[in-house]
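Subject: Structure handover, with notes on what was found

Dear colleague,

I am passing on to you the structure shown below, together with an account of what came out of going through it. Please read the account with the coordinates open beside you.

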Amino acid sequence: MEIKPQAMAIPKETDHLPKGKYGPVYPKTPACYGFTIIAKIIPGRESIFHGYAQTIEKAVADQPNFLAPLKLHYLRWVLFPINGETYFMYQGIFDTDFDKYTEDAVALFTKYGLNTVFENLEGFPEDWKTNTPAFIKFVREHQRPSFLEYGEYPYATADEIKKALKLKAAFSEMLDQMQ
């Protein structure tokens, strides 16, 4: 079975897209699902973001499947200046649609009693743990949809990729033992 890279142009207008609980459901692309949000941070809180990154790194090191319910491929966090103010960009690529991902994220952080670094963004709802629609409204208002997505291994889920890597490792081990 040959896997061919694919690209998909995302429509600028979303009126024709099916509606989920929290707005338009963007199509699954060759890169799976995902979103990018860009929001202004509360001035003077840059160091909180760097400290929180270490918290997440430790949580994943201590419990590698900590974020597994989110069906993630990648997360990318970036701080950058615009006109002397600092903005935060959050990019996530995952296997579920937007509604499920955001509901799962709120449930996960609530389960572990963690706060989110998003609390340091201007306008983020203080009651986000008990008010999922407010959390989602904030994310939707700050979402910057992509207009092109590309997948070298299109539509492959994180679980499929992990299984393929396990199979590769087992096959390599078997070949090593045969020598």
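Two strands are taken to pair if DSSP finds at least two bridges between them, and that is the sense in which opposite positions are meant when I say that Leu 75 stands opposite Gly 92 in S6. Please keep in mind throughout that this is a predicted model.

**Overall layout**

The chain has 179 residues, of which buried residues make up 37%, and its C-alpha atoms fill a box of roughly 60 × 40 × 35 Å when taken along the principal axes. Its secondary structure comes to four helices and seven strands, which follow one another along the sequence in the pattern β-β-β-β-α-β-β-α-α-β-α. Among the contacts in the chain with a separation of 6 or more, residues 24 or more positions apart account for 69%.

**The sheet and the helix on it**

Three strands form an open sheet in the order S4-S6-S5, with antiparallel pairing. S4 and S5 are the edge strands, each of them pairing on one side only, and from one strand to the next the twist averages 10°. Helix H1, residues 46-62, packs on this sheet and touches S5 and S6, its direction making about 165° with that of S5.

As for the pairings themselves, S4 and S6 run antiparallel and are joined by eight bridges, and within this pair Thr 36 has Gln 91 in S6 as its bridge partner. S5 and S6 likewise run antiparallel, with ten bridges joining them. The hairpin of S5 and S6 has two residues between the strands, and Asn 83, which is found in that loop, has a positive phi of about 50° although it is not a glycine. At 77% relative accessibility, Asn 83 counts as exposed, because the cut-off for that class is over 50%.

Phe 80 is found in strand S5 and, at 22% relative accessibility, counts as partly exposed. Leaving aside neighbours within four places in sequence, Phe 80 is in contact with Ile 38, Glu 85, Thr 86, Tyr 87, Phe 88 and Met 89.

Which residues lie nearest the centre of the largest pocket? They are Ala 31, Tyr 33, Gly 92, Ile 93 and Glu 149, out of a lining of 35 residues. The elements that give two or more residues to this lining are strands S4 (33-40), S5 (72-82), S6 (85-94) and S7 (148-151). The largest pocket has a volume of about 590 Å³, and by class its lining has 20 nonpolar, nine polar and six charged residues.

The second largest pocket holds about 380 Å³ of space and is lined by 15 residues, with Lys 71, Leu 72, His 73, Ala 158 and Lys 162 lying nearest its centre. Here the elements that contribute two or more lining residues are S5 and helix H4 (158-178). Sorted by class, the lining of the second largest pocket has ten nonpolar, two polar and three charged residues.

**Two further residues**

Lys 71, one of the residues nearest the centre of the second largest pocket, has its place in the loop between H1 and S5. Its phi is near 55°, a positive value in a residue other than glycine, and with a relative accessible area of 32% Lys 71 is partly exposed.

Is Asp 104 buried or exposed? Asp 104, which is found in helix H2 (residues 98-111), has a relative accessible area of 18% and is therefore buried, the cut-off being under 20%. Not counting residues up to four places away in sequence, Asp 104 touches Pro 69 and Leu 70.

With kind regards

Notes. Residues numbered from 1 in each chain as written. Predicted model: local features only at pLDDT ≥ 70, side-chain atom pairs only at ≥ 80, totals over all residues. Heavy atoms only, no water. 1 Å grid on protein atoms, 1.4 Å probe; cavity = no way out; pocket = protein on both sides within 12 Å on 5 of 7 lines; lining within 4 Å. Points joined across faces, edges and corners; volume = space filled by probe spheres on them. Nonpolar A, V, L, I, M, F, W, Y, C, P; charged D, E, K, R; others polar. Buried < 20%, exposed > 50% of the residue type's maximum accessible area, 1.4 Å probe, protein only. Contact = heavy atoms within 4.5 Å. Axes fitted to C-alpha atoms, helices over the stretch in contact; angles between N-to-C directions.
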